[in-house]
Amino acid sequence: MADTSNKGRGQQMGADNTKEFLDDAVTFTTAAADRKVSVTVTYAQSQDNMVSKRNEQLILSGPESMVMTHRLRAMHDGILVGINTVLTDDPRLNVRLPTSTTATADTGKVQNPQPIVLDSHLQMPTTARMITNSSSSSGGGGGGGKLPWVFTDANNHPEDKRKLLESLGVQVIAVPRSQVHPQGLCLHSVVAELHARGIRRLMVEGGATVIRSFLLSRIPENLVVTTAPIVVGKEKGVSVPPVSDPSLGYSLASEKYQQLGDDVVMAAKLVYK
């Protein structure tokens, strides 16, 4: 039988370190000063900059840095992923651990962020866990999360699939395509729509294409990267540019580092050139 007492102590230690680190490293000046959405891009990577495997789930974060991810989710109003992440990982995009550091002071309850999916062609499965396990789902398991908002191409999406998703309570929001990245949606339009719906702090969690697009958009304010002591290999992995890549058009400021278990977490402000 596994020794769960040690696991619990490890999670609590991770929770304590995480709260202090994130409260100091991740701030939201854009939302406060400019009345815009403050965006945090966060992801876990291997030592060779791989964030996922092709068509296969890749778990990089250890238990301590996973605690950090959930704490970071709780600090944001919305959490965004691309449709490939949904199809590969089937994430719930809610806050599950640890409740001691993510509960709000006034209610004592965890505040789940709004799940958001970028899905140009409405490939969103009706069986996705963020739909079936939502506390708002009529037939779901009541997993405590919110039903997702799905952004799609305003001029090219299947109307019957849109109606099906909307019948399940999913909000489908149509926006223009990107003029810079024709295969994707216009991120400035996405963020503007989110602001209109009350989102002020947005966490972008993946996958690789979405992360790269946001980093090139000059929108994000915060960057949080977890590096695991793993090498995936370029034959199997999907990479993102190194955080210091000059082609991304930003520099890092106010960098802070934290060891969480075997992982190293870097948090920084993005300063655009």
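Predicted model: local features only at pLDDT ≥ 70, side-chain atom pairs only at ≥ 80, totals over all residues.

**First stop: the cavity**

The structure holds one cavity of 30 Å³ or more. A cavity is a set of points, on a 1 Å grid over the protein atoms alone, where a 1.4 Å probe fits but cannot get out.

Residues are numbered from 1 along each chain as its sequence is written, and side-chain values use heavy atoms, with hydrogens and water left out.

**Second stop: the whole chain**

Please display the chain as a cartoon. The chain has nine helices and eleven strands, taken as DSSP runs numbered from the N terminus (helices: H or I, at least four residues; strands: E, at least two). Of the 273 residues, 47% are buried, where buried means under 20% relative accessible area, exposed over 50% and partly exposed in between (1.4 Å probe, protein chains only).

A pocket is an open set of grid points with protein on both sides within 12 Å along at least five of seven lines. The second largest pocket has a volume of about 210 Å³. Select Lys36, Val37, His188, Val191 and Ile219: of the ten lining residues, these are the closest to the centre of the pocket. Helix H2 (29-34) and helix H8 (187-196) are the elements that give two or more residues to this lining. Which element supplies the largest share of the lining of the second largest pocket? That element is H8, with four residues.

Now select H8, in which Leu187, Ser189, Val190, Val191 and Leu194 are buried. Its buried residues pack against several elements, including strand S3 (78-82), strand S7 (201-206) and helix H9 (208-217). Just after H8, Gly198 takes a positive phi of about 95°.

Ser38 lies in strand S1 (residues 38-45). Is Ser38 buried or exposed? Ser38 has a relative accessible area of 0%, so this residue counts as buried. Leaving aside neighbours within four places in sequence, Ser38 is in contact (heavy atoms within 4.5 Å) with residues including Thr27, Phe28, Arg201 and Glu221.

**Last stop: an aromatic pair**

Rings of Phe, Tyr and Trp (its six-membered ring) pair if their centres lie within 6.5 Å; planes under 30 degrees apart count as stacked, over 60 as edge-to-face and the rest as tilted. By this rule there is one aromatic pair. Select Tyr250 and Tyr272: the ring centres are 6.4 Å apart and the planes stand at 85°, so the pair is edge-to-face. Tyr250 belongs to strand S10 (residues 250-260) and Tyr272 to strand S11 (residues 263-272), so the pair ties together parts that are 22 residues apart in sequence. Tyr250 is buried, at 4% relative accessibility, whereas Tyr272 is partly exposed, at 22%.

Conventions
1 Å grid on protein atoms, 1.4 Å probe; cavity = no way out; pocket = protein on both sides within 12 Å on 5 of 7 lines; lining within 4 Å. Points joined across faces, edges and corners; volume = space filled by probe spheres on them.
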